[in-house]
Amino acid sequence: METLVQDLRYALRMLRRAPGFAAVAVLTLALGIGANTAIFSLLDGLLLRPLPVRQPEQLVLFGTGSNWGVVSGISRRYDIFSYAQYRYFREENKFFPGGIAAFSSWQSPVRVRWNGDPAMAHSKMVSGNYFSTLGVNPAAGRLFTDQDDRPESAPVAVLSYRYWTSKFNRDPAILGRSLDVNGTPFLIVGVAAPEFSGETLEADPADLWLPISRYVQVTLSPSLLQEPLSRWLWLIGRAAPGADLNQITAGLTVQLHQWLQSHEENATTAEARDAIQKAVIRA
């Protein structure tokens with residue numbers, strides 16, 4: 001301690017003799033501390049803080065969250081999936097008692113009209129069990145159910161709390177009214193919780209969520225729902241508490257092989273069959 005005190009006194013004397021250097025030193029320290037604080041805040045927001053959903057540690061993302069996956073001589077890593085693959089994993093679900101949900105791997109810009117001129121908004125297509133699987137509560141109204149994600153059901157929409165605030169001034173009267181989305185009226189059934197902006201932390205989160213079954217109306221393009229090899233969905237499941245992630249990964253990969261083998265166009269050659277065996281899901 002005596003040595004430390006002597007060093008501090010010496011440093012203060014030197015700083016008093018060179019006030020310009022002292023000012024630069026203090027400013028440098030302030031900038032360094034501020035930068036480190038900002039970096040930690042960013043990491044805390046993007047990586048360290050769990051999603052604002054029920055028991056986020058039980059959620060398992062199929063793959064790594066990449067939009068494409070990796071195809072190499074060693075493996076074919078699956079990160080996104082077709083709608084047919086989602087239906088298969090859900091029907092053959094062995095590892096996720098809390099359900100398996102799907103959501104588009106991109107946001108779809110849509111033109112919305114509400115009592116005035118049209119405007120652009122960011123939308124995301126999700127399965128009917130998306131909110132229940134994640135464990136999200138509504139701030140107003142209700143959230144989607146499986147019934148909402150059927151072609152024969154009326155088009156419905158759920159707003160983000162931020163969009164409800166900025167666009168509708170938190171008016172509860174909008175519930176049960178129609179919002180024109182790309183020329184199709186969508187019934188507003190609810191608003192998501194204030195803290196929830198999506199399954200990932202994004203700089204520009206979605207303004208509203210729409211059912212996957214409304215792909216054509218949302219994208220104004222031919223449907224991918226009947227294209228078994230068109231991969232465009234991320235999948236997420238809610239596992240049991242304490243589930244073995246390695247066991248889940250191995251089981252999902254076996255199921256993926258079974259699905260690929262069941263589609264003859266995937267296994268017509270020895271090279272194709274070898275590629276199936278190299279397919280892998282890293283949960």
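The questions and answers below go through a predicted model and the reasons behind the terms used for it.

User: What does the chain consist of in terms of helices and strands?

Analyst: The predicted model has eight helices and 13 strands. Of its 283 residues, 42% count as buried. The accessible surface of the chain is about 15300 Å², and carbon and sulfur atoms hold 58% of that surface.

User: Why is Ser 123 called buried?

Analyst: A residue is buried when its relative accessible area is under 20%. Ser 123 has 0% relative accessibility, so it counts as buried. Ser 123 is part of strand β6, which covers residues 119-126.

User: Which residues does Ser 123 touch, leaving aside those up to four places away in sequence?

Analyst: Ser 123 touches Gln 107, Ser 108, Val 110, Ala 206, Leu 208, Leu 210 and Val 218.

User: Why is Leu 220 called exposed, while Gln 55 is called partly exposed?

Analyst: Exposed means over 50% relative accessible area, buried means under 20%, and partly exposed is in between. Leu 220 has 60% relative accessibility, and therefore counts as exposed. Gln 55 has a relative accessible area of 39%, so it is partly exposed.

User: What is noted about the phi angles of Gln 55 and Leu 220?

Analyst: Gln 55 has a positive phi of about 45°, although it is not a glycine. Leu 220 is not a glycine either, and its phi is positive at about 55°. Gln 55 sits in the loop between α2 (19-48) and β1 (59-61). Leu 220 is in the loop between α6 (215-219) and β12 (233-238).

User: What makes Leu 229 partly exposed?

Analyst: Leu 229 has a relative accessible area of 45%, which lies between the cut-offs of 20% and 50%, so the residue is partly exposed. Leu 229 is found in the loop between α6 and β12.

User: How far is Leu 229 from His 263, in sequence and in space?

Analyst: Leu 229 and His 263 are 34 residues apart in sequence, and their C-alpha atoms are 9.5 Å apart. For the chain as a whole, take the contacts with a separation of 6 or more: residues 24 or more positions apart account for 72% of them.

User: Which residues of helix α8 are buried, and how do you know that they line one face?

Analyst: In α8 (residues 270-278), the buried residues are Ala 272, Ala 275 and Ile 276. Seen down the helix axis, these buried residues fall within an arc of 105°, so they line one face of α8. The face turned away from this buried side carries the exposed residues Ala 270 and Glu 271.

User: What do the buried residues of α8 pack against?

Analyst: They pack against β3 (76-77), α7 (245-262) and β13 (279-280).

User: Which residues touch the most other members of the largest nonpolar core?

Analyst: This core has 49 residues, and those touching the most other members are Phe 62, Phe 89, Phe 96, Leu 159, Leu 179 and Trp 232. Helix α7 gives the largest share of the core, five residues. Apart from this core lies another of 21 residues, including Val 53, Val 126, Phe 144 and Ala 206.

User: Which residues does Trp 232 touch, again leaving aside those up to four places away in sequence?

Analyst: The contacts of Trp 232 include Ile 80, Phe 81, Tyr 83, Phe 103, Trp 106 and Met 125. Also among them are Ile 212, Tyr 215, Leu 224 and Leu 225.

How values were computed:
Residues are numbered from 1 along each chain as its sequence is written. This is a predicted model: local features need pLDDT of at least 70, side-chain atom pairs count only at pLDDT 80 or more; totals for chains, interfaces and linings use all residues. Side-chain values use heavy atoms; hydrogens and water are left out. Helices (H or I, at least four residues) and strands (E, at least two) are DSSP runs, numbered from the N terminus. Buried means under 20% relative accessible area, exposed over 50%, partly exposed in between (1.4 Å probe, protein chains only). Contact means heavy atoms within 4.5 Å. Accessible areas come from the Shrake-Rupley method with a 1.4 Å probe; for residues, only the protein chains shown count as cover. The arc is that of the directions from the helix axis to the C-beta atoms. A nonpolar core is a set of buried Ala, Val, Leu, Ile, Met, Phe, Trp, Tyr and Cys residues joined through side-chain atoms within 4.5 Å.
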